[in-house]
Amino acid sequence: MKTYRYMIGMLLCVWLLAACDNSNAFDEYAKFDTTAQTAWGQSIVDGSNGYVAHVKSDRTYNLADGVDVLEMAFLADDGLAMQLFLFKIALSDKITLRTTLADDKNQVGTGQTIMKQLEAMQKNGKKVLGGTNADFFNTTYIPYGVCYRDGVAVKTSFSRTDCNVFVITKDNEACCFTEEEYALHKDIVREAVCGLGTLLLKNGEQLDQSGNTMPVANMEPRTAIGVSQDGKEVYLIVVDGRNFYYSNGADLLDLMNLMSACGASDALNLDGGGSSTFIARDGAEGELKLLNWPTDQGGVMRKVATGLAIVEQ
């Protein structure tokens with residue numbers, strides 16, 4: 001009995017000592033680290049207005065001369081897990097962006113996954129390095145905004161009054177236009193897809209989103225696109241969401257901070273949610289691979305109306 005009491009006493013002492021030991025207190029784990037592994041990742045941290053609070057991992061790689069990819073896992077300033085995928089595309093005589101449609105045809109009204117759209121483009125002789133989804137669309141896969149492909153005006157009207165337009169010009173430069181700006185410059189358009197709501201950035205300034213027709217504060221998977229001031233560089237981003245331990249999605253204010261961090265002068269919000277898809281070539285001659293986690297049925301790619309393909313000419 002004495003031995004038993006002695007053992008109980010010793011166990012209580014050990015427990016009390018452990019309880020007094022603060023080495024495992026929560027604050028030891030709450031020290032956020034904003035040091036990225038790559039220079040590009042660090043530039044996103046530094047330019048995000050404090051949005052990126054802790055970097056879990058980041059890596060960059062090159063798909064071709066002028067086309068780079070950043071994959072980054074981090075905690076946002078509210079402590080939520082986030083995962084982003086980012087293309088940086090330097091437009092040149094070798095690299096451009098092209099609108100994708102189902103079966104690589106100049107026709108709207110058919111839904112097809114971005115992977116199928118990119119593969120159809122490849123079968124017709126284009127070297128595709130990667131791509132994402134683009135337009136918002138209705139239940140019959142008609143995009144809400146205008147759509148141009150290889151200089152062909154596939155859809156010339158706006159189905160909503162809150163569209164804005166991403167354009168690749170005939171001179172292979174990128175622009176983000178409001179409807180009014182598009183009307184003034186549509187003769188220069190070669191490729192065009194549309195986003196909805198207020199532009200995110202204009203001339204490097206984050207725009208007031210209080211009058212946006214899109215819900216500003218909703219945390220959703222997002223796809224967005226930005227352009228440099230000279231129109232020579234494009235930033236195409238997907239932020240995953242709806243998966244608490246992996247990635248929670250971004251609201252439009254978060255998206256503005258990320259677009260600013262990319263170095264965009266102008267930027268707009270493309271279709272998101274289950275439509276958000278990020279595909280990149282696996283190596284110089286490898287297959288196209290899905291990199292992000294679409295939310296439909298836990299990773300199944302959604303059929304969409306249009307996309308954007310990065311093409312090596």
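**Reading the labels in this model**

Student: Which residues is Leu 80 in contact with, leaving aside its neighbours within four places in sequence?

Tutor: Leu 80 touches Phe 74, Leu 75, Met 219, Phe 244 and Asn 248, where contact means heavy atoms within 4.5 Å. The model is predicted: local features need pLDDT of at least 70, side-chain atom pairs count only at pLDDT 80 or more, and totals for chains, interfaces and linings use all residues. Residues are numbered from 1 along each chain as its sequence is written, and side-chain values use heavy atoms, with hydrogens and water left out.

Student: What makes Leu 80 buried, partly exposed or exposed?

Tutor: The relative accessibility of Leu 80 is 23%. Buried is under 20% relative accessible area, exposed is over 50%, and partly exposed lies in between (1.4 Å probe, protein chains only). Leu 80 therefore counts as partly exposed. Leu 80 sits in the loop between β2 (67-76) and β3 (81-90).

Student: How is Glu 191 classed, and how do you know?

Tutor: Glu 191 has 2% relative accessibility, so it counts as buried. Glu 191 belongs to strand β10 (residues 189-196); strands are DSSP runs of E with at least two residues, helices are runs of H or I with at least four, and both are numbered from the N terminus.

Student: Why is Arg 98 called buried?

Tutor: Its relative accessible area is 12%, and therefore Arg 98 is buried. Arg 98 lies in strand β4 (residues 95-100). Beyond four places in sequence, its contacts include Lys 126, Asp 150, Glu 191 and Gln 313.

Student: What joins the side chains of Arg 98 and Glu 191?

Tutor: A polar contact of 3.3 Å joins them. The term is used for a pair of N or O atoms within 3.5 Å; within protein, one must be able to donate a hydrogen and the other to accept it, and residues adjacent in sequence count only if both atoms are side-chain atoms. The side chain of Glu 191 also reaches the backbone nitrogen of Thr 99, at 2.9 Å.

Student: What makes α2 and α5 parallel, antiparallel, perpendicular or oblique to each other?

Tutor: Helix α2 (residues 39-47) and helix α5 (residues 252-262) pack at about 130°, with axes 8 Å apart. Axes are lines fitted to C-alpha atoms, for helices over the stretch in contact, and angles run from 0 to 180 degrees between N-to-C directions. Under 35 degrees is roughly parallel, over 145 roughly antiparallel, 65 to 115 roughly perpendicular, and the rest oblique. The two helices are therefore oblique.

Student: Which residues of α2 and α5 meet?

Tutor: Ser 43, Ile 44 and Gly 47 in α2 meet Asn 257, Leu 258, Ser 260, Ala 261 and Cys 262 in α5. Four of the contact residues are nonpolar, four are polar and none is charged. Ala, Val, Leu, Ile, Met, Phe, Trp, Tyr, Cys and Pro count as nonpolar, Asp, Glu, Lys and Arg as charged, and the others, Gly among them, as polar.

Student: Which residues of helix α3 are buried, and what covers them?

Tutor: In α3 (residues 114-123), Ile 114, Met 115, Gln 117, Leu 118, Ala 120 and Met 121 are buried. Their cover includes β4, β5 (127-133) and β18 (307-312). Just after α3, Gly 125 takes a positive phi of about 100°.

Student: How many helices and strands are there, and what share of residues is buried?

Tutor: The protein has five helices and 18 strands. Of its 313 residues, 51% are buried.
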